[in-house]
Amino acid sequence: MISKIFCNSILVLFFIFANLSAAQGLSTKDFNFINPENIVWNSFPAFPERVKLAILVGNPTKAEPFIVRVKVPNGEKIMPHLHPEDRIYTVVSGIFYIGIGDKYDENNLKAYPPGSVVVLPGNTPHFHLAKSGEYITQVYAIGPLGLDYLDKQFDPRIKSK
């Protein structure tokens with residue numbers, strides 16, 4: 001059982017790093033900027049197909065600070081998962097619904113309006129729903145980025161195999 005969990009964790013990290021290895025946002029070493037109209041949204045294999053990710057600052061595959069934005073269209077769910085890194089979410093637009101727990105339960109969702117800041121300690125099981133329209137969150141963390149679904153049947157990286 002432990003070797004199966006270890007192998008799944010290695011597989012998850014491989015897919016994350018393989019798909020982010022060329023991704024790099026703005027450097028924290030130089031003055032720079034990015035305007036909203038220049039943000040590049042991409043698919044991210046760890047998310048459902050319609051959910052998009054934009055890398056704004058840093059390289060999420062490295063042990064360094066990074067900032068990404070996540071755009072989740074209306075009605076999309078992200079099933080229970082966890083990240084090894086501590087995260088700070090800022091709601092950019094829409095209403096961000098997040099629930100804490102290892103089972104998806106809409107009754108446990110809490111709504112956070114634009115401008116809200118949500119602190120999520122590493123390894124905290126949680127889930128999301130775009131319940132009232134599209135939302136965009138900005139995530140600050142120190143990498144490397146990790147994402148592990150609690151129930152592998154919901155992991156798009158495994159389903160696509």
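Val117 has its place in strand S8, where strands are DSSP runs of E with at least two residues, numbered from the N terminus. The model is a predicted one, in which local features need pLDDT of at least 70 and side-chain atom pairs count only at pLDDT 80 or more, while totals for chains, interfaces and linings use all residues. Residues are numbered from 1 along each chain as its sequence is written, and side-chain values use heavy atoms, with hydrogens and water left out.

Together with Ile88, Val119, Tyr140 and Ile142, Val117 forms a nonpolar patch on the surface, with about 450 Å² of accessible area in total. Such a patch is made of residues with over 30% relative accessible area and no salt bridge, nonpolar side chains (Val, Leu, Ile, Met, Phe, Trp, Tyr) being joined within 5 Å and like charges within 9 Å; the areas come from the Shrake-Rupley method with a 1.4 Å probe, and for residues only the protein chains shown count as cover. Strand S8 (117-120) and S10 each supply at least two residues of this patch.

S8 and S10 also belong to an open sheet of 6 strands, which has the order S1-S2-S3-S10-S5-S8 and antiparallel pairing; two strands pair if DSSP finds at least two bridges between them. The edge strands of this sheet are S1 and S8, each of which pairs on one side only. Further in, 6 bridges join S5 to S10, and these two strands run antiparallel, with Tyr89 standing opposite Val139 in S10.

A second open sheet is formed by 5 strands in the order S7-S6-S9-S4-S11, again with antiparallel pairing. Its edge strands, each pairing on one side only, are strand S7 (109-112) and strand S11 (148-149). Here 3 bridges join S4 to strand S9 (residues 126-129), the two running antiparallel, and Lys77 stands opposite Leu129 in S9.

The largest cavity is lined by 18 residues, of which the closest to its centre are Phe47, Val70, Arg87, Tyr89 and His128. Two or more lining residues come from each of strand S3 (65-72), strand S4 (77-82), strand S5 (87-93) and strand S10 (135-142). A cavity is a set of points on a 1 Å grid over the protein atoms alone where a 1.4 Å probe fits but cannot get out, and lining residues have an atom within 4 Å of a point. The lining divides into 13 nonpolar, 4 polar and 1 charged residues.

The structure also holds 4 salt bridges, each a side-chain nitrogen of Lys or Arg within 4 Å of a carboxyl oxygen of Asp or Glu. In one of them Glu76 pairs with Arg50, the closest N and O atoms being 2.9 Å apart. Because Glu76 lies in the loop between S3 and S4 and Arg50 in the loop between strand S1 (42-43) and strand S2 (52-57), the pair ties together parts that are 26 residues apart in sequence.

Two backbone details remain. Asn123, in the loop between S8 and S9, has a positive phi of about 65 degrees although it is not a glycine.

How values were computed:
On a 1 Å grid over the protein atoms alone, a cavity is a set of points where a 1.4 Å probe fits but cannot get out, and a pocket is an open set with protein on both sides within 12 Å along at least five of seven lines; lining residues have an atom within 4 Å of a point. Helices (H or I, at least four residues) and strands (E, at least two) are DSSP runs, numbered from the N terminus. Ala, Val, Leu, Ile, Met, Phe, Trp, Tyr, Cys and Pro count as nonpolar, Asp, Glu, Lys and Arg as charged, and the others, Gly among them, as polar.
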